[in-house]
Amino acid sequence: MTTGTKTHCPYCGLQCAMTVTAAGVVGAREFPTNRGGLCHKGWTSAALLRHPERITTPLVRSEGELRPTTWDSALNAVADGIRRAQNAGGRDAVAVFGSGGLTNEKAYQLGKFARVALGTANIDYNGRFCMSSAAAAGTAAFGVDRGLPFPVSDLTGAGAVMLWGANVAETMPPLAGHFTGRLIVADPRRTPTAQRALDGGGLHLQLAPGTDLALALGLMHVAVLDGFIDREYVQRRTVGFEEAWLSAAHWWPERAERVTGVPVDQMRRAVEMLWDARQSDAGSYILTARGAEQHATGTDTVAAVIGLALTLGLPGRRGSGYGCLTGQGNGQGGREHGLKADQLPGYRKITDPAAREHVAAVWGVDPAELPGPGLSAYTLLDALGRPAGPRALLVHGANPAVSAPRAGHVAERLAALDLLVVCDFVLSETAAMADVVLPVLQWAEEEGTMTNLEGRVLRRRRAVEPPAGARGELWVLAELARRLGRTGFASEPVEVFDELRRASAGGPADYAGVSYARLDAGEALHWPCPDETHPGTPRLFLDRFATPNGRARFAAVAHRGPAEVPDAQYPLTATTGRVLTHYQSGAQTRRVPELAEAAGGMFVQVHPDIARQAGLVDGDAAAVVSRRGTVRAAVRCDDTMRLDTVFLPFHFPGAGRANLITNPALDPRSSMPEFKACAVRLEPT
Ligand code: SF4
């Protein structure tokens, strides 16, 4: 192992800086986002580098078994399968499913490979399940979507921070260390973050699952009528307040309390805390995450929270602000560089003729050759193997058999394919179903860049030699393209990044001025960075928003509630989320013994009275049943739980997959599934 290589954590969007040494990893104190801190996942991340379950040989299914083979024969099998599928069903008969864990270079190249080498419209990624609602609402309100339009260090010492559906004490502990003022946490559960808010004199708004939009409108109502509105800011820097108010005016606090369960006095105190901190030098922030987003009304919900922030005059102000916390390591970069069905590199729209012309010129193809928008993630997965749907799927770094909503159905669709190819470094549940598995490099074995939740571009560096037999995904894509008769696919990360810079130039997410040399020299570069003399843009919107008239836009939105409401048969609402020791589908963290041991197994968190009504006590084996399936879980009683809610973590496989029960009702604008609310019943197994 090479000693002392600076890189970043393989997991979440905070992208904590760390140094990989022969002994493991240490946090990098000089990096302002984590200031030397790492969470349990980060500290143990080196355990993956020499893991006994690492795949180091290509595998091809034969007589029902995955069997080792050579790279040549595996790649030939993939290319043959692609040709067969496209000869039978046309270009869109091959689909691609990417991941928010891929480097910018891999995300960019995968988008180009899909559109140029395969010529398919059908590419999307698991980031669709992560923050697509905030992206849609942020773009509509501010003209551009960058998770945090300010550096994390701006949050340090803020007087008040509202965390909406964000359990940062478990998901991003080093971020939680920046919060030293009052916390206001909106969450159906008393999470460790909510408990911390209460311990520090803040608030926990324990709303009913799926009522976030009503709560946001109620808080805006309180802000306006109690005089916590910055009228000068609203008039000078925004448009659309009157229409938004027409909607919020119907949400007087007592009505909001009836729907959400949050007491009126807590609503009043929350708004007052935010306002007082904004008026003082300390500053005030509102941050949203998956709890606000993962609803069939996710975009409207985030828009309503943004409406509250605009009413208080927070966005685009030094020392206060609004932002969205990105979940996956490169969820931000993935959607900026072409993994989304409707986007081209530089956060360009695939339907925009000028964008198509620019990117096609960089790729050396006719703009007319580029496909249009394809199917979004769940719709794509649901279409697999159907008569008019894709017959072949390439999966890169994702595990939809566990992470997609209605996962049992998605596994059936995957099984219906003629060809399933998975690029991964461990045999995830999806890889175990594949016809071909290609063993690729993991974080500390590869060079590249990631873009963290602040829009800061970071260098990922090779710290250890990869095992013989594993190959980089850029090489895999170049080899497949060659077999499909396409050239122009570089396999060196720096070459791909330089091409990405040209493709993004002039777009909303402009990386033209970011280079490996500047990053390696230690420059902190946040996009947009349009040329090599540009210092990058750590803070957006201080003078104007990125809309045509420079003003932020309020949205007039209405509360609709969850797509599936409890009834006599399914009387409870299930919500899903993460625990401290696991990341996403758990394919990586479940293989780290220390994390697996600390997390234990699948559980359902429930109020003891509700467990008792179902004939269950703490530790019992239970079934959580929805209209789509059944999850097996151990009962974990917690008297801070709402009486109408159960919680399930989504990291576990097999019969413990939380997504066996989740509802794939989609947000009409972002296509985000409703992971956060579905009707269930609890029963003994
Ligand atoms: Fe930091 Fe996230 Fe890694 Fe934890 S998982 S060390 S919070 S980047």
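**Notes on local features of the predicted model**

1. Y347 is buried, with a relative accessible area of 11%, where buried means under 20% relative accessible area, exposed over 50% and partly exposed in between, using a 1.4 Å probe and protein chains only. Y347 sits in the loop between β14 (343–344) and β15 (348–349), and its phi is near 60°, a positive value in a residue other than glycine. Strands here are DSSP runs of E with at least two residues, helices are runs of H or I with at least four, and both are numbered from the N terminus.

2. On the basis of these notes: this is a predicted model, in which local features need pLDDT of at least 70 and side-chain atom pairs count only at pLDDT 80 or more, while totals for chains, interfaces and linings use all residues. Residues are numbered from 1 along each chain as its sequence is written, and side-chain values use heavy atoms, with hydrogens and water left out.

3. E63 also has a positive phi in a residue other than glycine, near 50°, and its place is in the loop between β4 (59–62) and β5 (65–68). E63 is exposed, with a relative accessible area of 74%.

4. The peptide bond from W527 to P528 is cis, with omega near 0°, and P528 belongs to the loop between β21 (525–526) and β22 (552–553).

5. R518, in helix α22 (residues 516–520), is buried, with a relative accessible area of 8%. When its neighbours within four places in sequence are left aside, R518 is in contact (heavy atoms within 4.5 Å) with G513, E523, L525, C529, D531, E532, T533, H534 and P535.

6. The axes of helix α16 (residues 353–363) and helix α21 (residues 493–504) come within 9 Å and cross at roughly 155°, the axes being lines fitted to C-alpha atoms over the stretch in contact, with angles from 0 to 180 degrees between N-to-C directions. The two helices, α16 and α21, are therefore roughly antiparallel to each other, a term for angles over 145 degrees. The contact is made by H358, V359, V362 and W363 of α16 together with E499, R502 and A503 of α21.

7. Around the ligand stand C9, Y11, C12, Q15, C16, L38, C39, K41, G42, M172 and P174, each with a heavy atom within 4 Å of it. This shell divides into eight nonpolar, two polar and one charged residue, where Ala, Val, Leu, Ile, Met, Phe, Trp, Tyr, Cys and Pro count as nonpolar, Asp, Glu, Lys and Arg as charged, and the others, Gly among them, as polar.

Methods:
Parallel < 35°, antiparallel > 145°, perpendicular 65-115°, else oblique.
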